[in-house]
Amino acid sequence: MATFSTLQEAKSFFTNDHFATDNGFTLEALTEDGAVCAVNLSVRHQNAEGGVMGGAILALADFTFAVASVNAHRPTVAQQVSLSFLNASKGTRLISTATCIKSGRSSCVYRIDIKDDLGKDIAQAMFTGFKL
């Protein structure tokens, strides 16, 4: 059973995630087994070379995991994360999609796929969560 009855209820809850909101992360959709979040890229997300900072990509993946896992079981926290950077983004927006791979009694595993608005695969992460 989902924690949130509506997308608006989830959006309201996550306004308290000040790091995510201050960096422009948005909750776009809740799915049956995950969530979709996004960020419009700006200079605040760039590294010294002008590319997207790896930490910004990881933070978006973490936010997407948080939304998806807390919707499935509240509270859930990240226990282990693995992230692979696949391509540099040439787009202006990143879209992050979480899919639940396994949900057990005390843990869960989510795959997070991050693409840019041009459709290019940017990163993929695996999150193991612990259900408190």
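Is arginine 111 buried or exposed, or does it count as partly exposed?

1. At 27% relative accessibility, arginine 111 counts as partly exposed, where buried means under 20% relative accessible area, exposed over 50%, and partly exposed in between (1.4 Å probe, protein chains only).

2. The model is predicted, so that local features need pLDDT of at least 70 and side-chain atom pairs count only at pLDDT 80 or more, while totals for chains, interfaces and linings use all residues. Residues are numbered from 1 along each chain as its sequence is written, and side-chain values use heavy atoms, with hydrogens and water left out.

3. Three salt bridges are counted, a salt bridge being a side-chain nitrogen of Lys or Arg within 4 Å of a carboxyl oxygen of Asp or Glu.

4. One of them joins glutamate 28 to arginine 93, with 3.4 Å between the closest N and O atoms. Because glutamate 28 lies in strand 1 (residues 25–31) and arginine 93 in strand 4 (residues 93–103), the pair ties together parts that are 65 residues apart in sequence; strands here are DSSP runs (E, at least two residues), numbered from the N terminus. Glutamate 28 is partly exposed at 35% relative accessibility, and arginine 93 is partly exposed with a relative accessible area of 22%.

5. Arginine 111 also takes part in a salt bridge, its partner being aspartate 113, and the closest N and O atoms are 3.0 Å apart. Aspartate 113 counts as partly exposed, at 22% relative accessibility.

6. A further salt bridge is formed by the side chains of lysine 115 and aspartate 121, at 2.5 Å from N to O. Lysine 115 is partly exposed, with a relative accessible area of 36%, and aspartate 121 is partly exposed, with 37%.

Conventions. Helix = DSSP H or I, 4+ residues; strand = E, 2+ residues; numbered from the N terminus.
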